[in-house]
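Here is a short briefing for a first look at this chain. Start with the sequence and the structure, then read the points below.

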Amino acid sequence: MVTRISETVVEFLQKEKIQLLNEWRENILVSPEDPYKDRMEENGEVIFYLVIQSLTREKENLERVIRKFAISIADQRVKAGMNIGEFVHNVNLGRSIIQKHLKKMDISWQELQVYSEQIYDCLDQFLYFSVTYYSDAKNQIIEEKTKFIDTSHKDRLTLLGQMTSSFIHEFRNPLTSVQGFIQLLKSEYPDMKYLDIISIELEQLNFRISQFLLLSKKELIGKEKTTFSLNELVEEVLIFLYPSILDGKVKIQKNLEENINLFGYADEIRQVLINIVFNAIDVLNPNTKHPLIEIKTYSLDHKSIKLEIANNGPMIPEHLVQSIFEPFVTTKKLGTGLGLFVCREIIEKHKGRLVCETHADLTVFTITLPIADTK
């Protein structure tokens, strides 16, 4: 209900309107880049209109009017691409100016308090609806952009997979021939130097090719899962990488539980172990004192096995730890950024988990895999 005093307050504010808006306009924050800066005067009119409505309208009808104007101006702020902070400041500035002018009225402090609270409640609702709409709209824009980026990223990976799959298969044919001739030379000339080194380098090349093939998500026809020993696989990997271990003067410490069997693709798990151990050898540069790689396994409730591969090389940069398993992320100058991504893909395909923790003294890659059901 509009009382005589409230009518007096409204009349007073109407008389002070021009002065109020001029004072507000002179002190507001407006970014030079704001495409709607010429409409700030209109926004001031809106704020003043709502203040008058808060003193004349019933509360039930007032909220609908506040929401309408709040959404309209918030949408303007979203389209402008400007920070919401300036808008909030300008509304609160208007609140302060109105309060200052009301104090000039010849009414009691109690009456002034009543009408000030009505105005405050109105502007608080106006800010609430505006900021809420602005935040929701901004979040929707971010979600749409993120979805677009994710879709584009997946499309890139799909295209990469298609290209590499066809190219690498063709590349593998002459590589297989070279490996075959190396085996013939070994049998005919067992004492010939460097054949082992050539063979190992070809295996490394074959491993890199396999990473690209795994990235393309194409399974080999006729490939079947088998039950295999994790300990034997670790030994095979260490023998395979022995020349690199020897060259880097790396000490290997093992603490493996006995009789741990896994079920899956042994060649893929082997590739994971080779990649992680080889990366560990690679980071143990000549400046690392007493280069060390620790390989440990722990049985978890006889249902899964935890395999830890740790090295005492330099700490992985903090900004890379969270993204190190993403494609094309690498700390190496000549790295492809696919190795750890493929490793994670393989482990997850085997219903496992691969994580990394890095500290000043130790970096640990932890693989958790289900143990093969021997029943």
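In which hand of crossing does H7 pass H9? The crossing is right-handed, a term used when the near helix is turned clockwise from the far one by less than a right angle, with anticlockwise giving left-handed. This is a predicted model, in which local features need pLDDT of at least 70 and side-chain atom pairs count only at pLDDT 80 or more, while totals for chains, interfaces and linings use all residues. Residues are numbered from 1 along each chain as its sequence is written, and side-chain values use heavy atoms, without hydrogens and water.

**The chain overall**
- The protein chain has 11 helices and seven strands, which are DSSP runs numbered from the N terminus (helices H or I, at least four residues; strands E, at least two).
- Of the 375 residues in the protein chain, 42% are buried, meaning under 20% relative accessible area with a 1.4 Å probe, protein chains only.
- Contact means heavy atoms within 4.5 Å.
- Among contacts with a separation of 6 or more, 74% join residues 24 or more positions apart.

**H7 against H9**
- Helix H7 (residues 230-240) packs on helix H9 (residues 266-283) at about 50 degrees, with the axes 10 Å apart.
- Axes are lines fitted to C-alpha atoms, for helices over the stretch in contact, and angles run from 0 to 180 degrees between N-to-C directions.
- That angle makes H7 oblique to H9, the class left after roughly parallel (under 35 degrees), roughly antiparallel (over 145) and roughly perpendicular (65 to 115).
- H7 contributes Leu230, Leu233, Val234, Glu236, Val237 and Phe240 to the contact, and H9 contributes Ala266, Ile269, Arg270, Leu273, Ile274 and Val277.
- These residues comprise 10 nonpolar, two charged and no polar.

**The nonpolar cores**
- A nonpolar core is a set of buried Ala, Val, Leu, Ile, Met, Phe, Trp, Tyr and Cys residues joined through side-chain atoms within 4.5 Å.
- The largest has 44 residues, and Leu241, Leu273, Ile276, Ile293 and Ile367 have the most contacts inside it.
- Elements that give it two or more residues include H7, H9, S4 and strand S5 (304-311).
- H9 supplies the largest share of this core, 10 residues.
- Another core, of 41 residues, lies apart from it; Val10, Leu13, Tyr115 and Tyr134 are among its members.

**Glu294**
- Glu294 sits in strand S4 (residues 292-300).
- Its relative accessible area is 17%, so Glu294 is buried.
- Beyond its neighbours within four places in sequence, Glu294 contacts Gln253, Glu308, Ile309, Ala310 and Leu362.

Definitions and conventions:
Nonpolar A, V, L, I, M, F, W, Y, C, P; charged D, E, K, R; others polar. Buried < 20%, exposed > 50% of the residue type's maximum accessible area, 1.4 Å probe, protein only.
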